[in-house]
Amino acid sequence: MPESITLYTAKVCPYAQRAEIALAEAKAPFTRYEIDLQNKPEWYAPKVNPASKVPAIAYGGPAVPPDQPSPDSIKLAESLVLVEFIADLYPNAHLLPSDPVLRAKARFFIDGVSTKLVPAWHNFLQGKSPVEDFYKAVEYVQALLPAEGGFAVGEYSIADIAITPFLARARVSLINEFGAYPEGEGKQVWEALSSGQGRFARFGKYLADLLNRESFKATFDEAYITQRQKARFANLRSQK
């Protein structure tokens, strides 16, 4: 039986949502503590995560309030580390494929998300590169998907958890035209990615499966994310 888990997280953060999705998939009991990233508690860095980032987990130790973390609990951080940790704690959730080839494919997929898709999205959002560069990154990810359908390596896994929070936030920015790209392009890009037809037909079907997953919907506050995205990105176009 796994020991107690306290998750230090922030609704706005896509990396933190990875850990929340994994815990939801595992149906794991845990205590959730929201960290204000603009005003972090003084105790957070010295007692939980020296990097002062979310997500982080306090695992085990005595039962204490989350804002009084015990030195006897084990502190862990970094989203992908935590996702695999949760997968190991709850093997019945099958988040980490048992087949070594599929495990390797899942990690390779995550590498593509981290090194290609996410940077390309941020560059497009901030007006630093044309949409075609972002499209090429999406095509790279699309080429890794099983042609017959399903998730990144067939069954739902750590690979899908890694990509979902970023695609969800991209959707919010695109449908609301938040970003430095030309006005009107956001809705066009989202239609191209999500229609399930044409150049991104396979990706569109995958995208729909991800955003319809209950663990995602339970951990994503769209109204809150929209408000935060608007505050952060809505004026980028006028600042160019």
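Colleague: How many residues of domain 1 are in contact with domain 2, and how many of domain 2 with domain 1?
Modeller: Do keep in mind that this is a predicted model. The chain is divided into domain 1, residues 5-93, and domain 2, residues 100-238. Contact here means heavy atoms within 4.5 Å. On that basis, the count is 17 residues of domain 1 against 21 residues of domain 2.

Colleague: What area do domain 1 and domain 2 bury between them?
Modeller: The size of an interface is often given as the accessible area lost when the parts come together. For this pair, 62% of the buried area is on carbon and sulfur atoms. The total buried between domain 1 and domain 2 is about 1700 Å².

Colleague: Which residue forms a salt bridge with Arg107?
Modeller: The rule finds three salt bridges across the interface of domain 1 and domain 2. A salt bridge needs a side-chain nitrogen of Lys or Arg within 4 Å of a carboxyl oxygen of Asp or Glu. For Arg107 the closest N and O atoms are 2.9 Å apart, and the partner is Glu84.

Colleague: Which helix gives the largest share of the side of domain 1 that touches domain 2?
Modeller: There are nine residue pairs in polar contact across the interface of domain 1 and domain 2. On the domain 1 side, helix H1 (14-26) and helix H3 (79-89) each supply at least two residues. The largest share is nine residues, and it comes from H1.

Colleague: How do the residues of that side of domain 1 divide into nonpolar, polar and charged?
Modeller: Let's take the side of domain 1 that touches domain 2 class by class. Two of its residues are polar and five are charged. The nonpolar residues there number ten.

Colleague: What radius of gyration does the protein chain have?
Modeller: The C-alpha trace spans about 55 × 45 × 25 Å along its principal axes. For 240 residues, a compact globule would have a radius of gyration near 18 Å. The chain agrees with that, at 18 Å.

Colleague: How many residues apart are Lys11 and Asp221?
Modeller: These two form a salt bridge, with their closest N and O atoms 3.2 Å apart. Lys11 is in the loop between strand S1 (5-9) and H1, while Asp221 is in the loop between helix H9 (214-217) and helix H10 (222-233). The pair therefore meets the 4 Å cut-off for a salt bridge. It links distant parts of the chain, 210 residues apart.

Colleague: Is the peptide bond from Val54 to Pro55 cis or trans?
Modeller: Pro55 has its place in the loop between helix H2 (44-47) and strand S3 (56-59). Omega for the bond from Val54 to Pro55 is near 5°, and the bond is cis.

Colleague: What is the phi of Lys27 near?
Modeller: Lys27 lies in the loop between H1 and strand S2 (31-34). Its phi is positive, in a residue other than glycine, with a value near 55°.

Note on methods
Residues numbered from 1 in each chain as written. Predicted model: local features only at pLDDT ≥ 70, side-chain atom pairs only at ≥ 80, totals over all residues. Heavy atoms only, no water. Domains from an automatic or database assignment. Buried area = accessible area lost by both parts, 1.4 Å probe. Polar contact = N/O pair within 3.5 Å; in protein donor to acceptor, adjacent residues only side chain to side chain. Helix = DSSP H or I, 4+ residues; strand = E, 2+ residues; numbered from the N terminus. Nonpolar A, V, L, I, M, F, W, Y, C, P; charged D, E, K, R; others polar. Rg over C-alpha atoms; globule rule 2.2 N^0.38 Å.
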